[in-house]
Amino acid sequence: MILRDPVDRLYSGYNYFNSYWYSGRHAPCTPEMFHNEVVKEIGRWDRCMRTNSLHKCCYSSELMAPQTKVRLPLGVYICFVKPWLELFGNSNFHLLSFEKYTTNQTDTLLEIFRFLDLPLPPVSTVKTIISEGEIENKGDSYAPMLNKTRELLSAFYRPYNKILYNLT
């Protein structure tokens, strides 16, 4: 299972789903607008958590509604991964970071082969698999996230990431 840094995933998703070419409407996506949405959604998350369980907030139709520009619960991976780990056991999952995969695809794929106890293919074969599977990113580039937003989101996700880390 490959998991992306939830902070980067959230910002990427915000820019993708609110972009003109995806939504069909001209809606600028500035780092400042993203910051304001994050502050608003963290407030809504905190209100939810005051009266509900983590599970209920992660699956909240209000917090996960399609019209919500910033869907914080999607990055609270513990809500979505824990049931699978409990059902099938930790030893049946190999968690990887998306960032590790994108920076070293060959070694990461070989690591997956080893985890699955499959014969290791030659490195040249792995490189061919990678090159044939490459797709062009059609998304627009976007401005970097504000540092204060990154810090806010990192603090938000940290306790949930820690729980997930301790489970695996």
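Me: What percentage of the residues in the chain is buried?

Reply: A residue is buried under 20% relative accessible area, exposed over 50% and partly exposed in between (1.4 Å probe, protein chains only). Buried residues make up 34% of the 168 residues in this chain. Please note that the model is predicted: local features need pLDDT of at least 70 and side-chain atom pairs count only at pLDDT 80 or more, whereas totals for chains, interfaces and linings use all residues. Residues are numbered from 1 along each chain as its sequence is written, and side-chain values use heavy atoms, with hydrogens and water left out.

Me: How many helices and strands does the chain have?

Reply: Helices (H or I, at least four residues) and strands (E, at least two) are DSSP runs, numbered from the N terminus. The chain has nine helices and two strands, in the order β-α-α-α-α-α-β-α-α-α-α from the N terminus on.

Me: Which residues have the most contacts inside the largest nonpolar core?

Reply: A nonpolar core is a set of buried Ala, Val, Leu, Ile, Met, Phe, Trp, Tyr and Cys residues joined through side-chain atoms within 4.5 Å. The largest one here has 28 residues, and Phe34, Trp45, Leu72, Val76 and Leu153 have the most contacts inside it. Two or more residues each come from α1 (6-17), α3 (31-51), α4 (54-58), α5 (77-88) and α9 (147-167).

Me: What does Val76 touch, leaving aside residues up to four places away in sequence?

Reply: Contact means heavy atoms within 4.5 Å. With that exclusion, Val76 touches Trp45, Leu54, Cys58, Phe156, Tyr157 and Tyr160.

Me: Is Glu37 buried or exposed?

Reply: Glu37, which lies in helix α3, counts as buried because its relative accessibility is 15%. Not counting residues up to four places away in sequence, Glu37 touches Tyr14, Lys69 and Val70.

Me: At what angle do α7 and α8 pack?

Reply: Two packed helices are described by the angle between their axes and the distance between the axes. Axes are lines fitted to C-alpha atoms, for helices over the stretch in contact, and angles run from 0 to 180 degrees between N-to-C directions. Helix α7 (residues 105-115) and helix α8 (residues 123-132) pack at about 110 degrees, with their axes 10 Å apart. The two are therefore roughly perpendicular (65 to 115 degrees). Gln105, Thr106, Leu109 and Leu110 in α7 meet Val123, Val126, Lys127 and Ile130 in α8.

Conventions: Angles under 35 degrees count as roughly parallel, over 145 as roughly antiparallel, 65 to 115 as roughly perpendicular and the rest as oblique.
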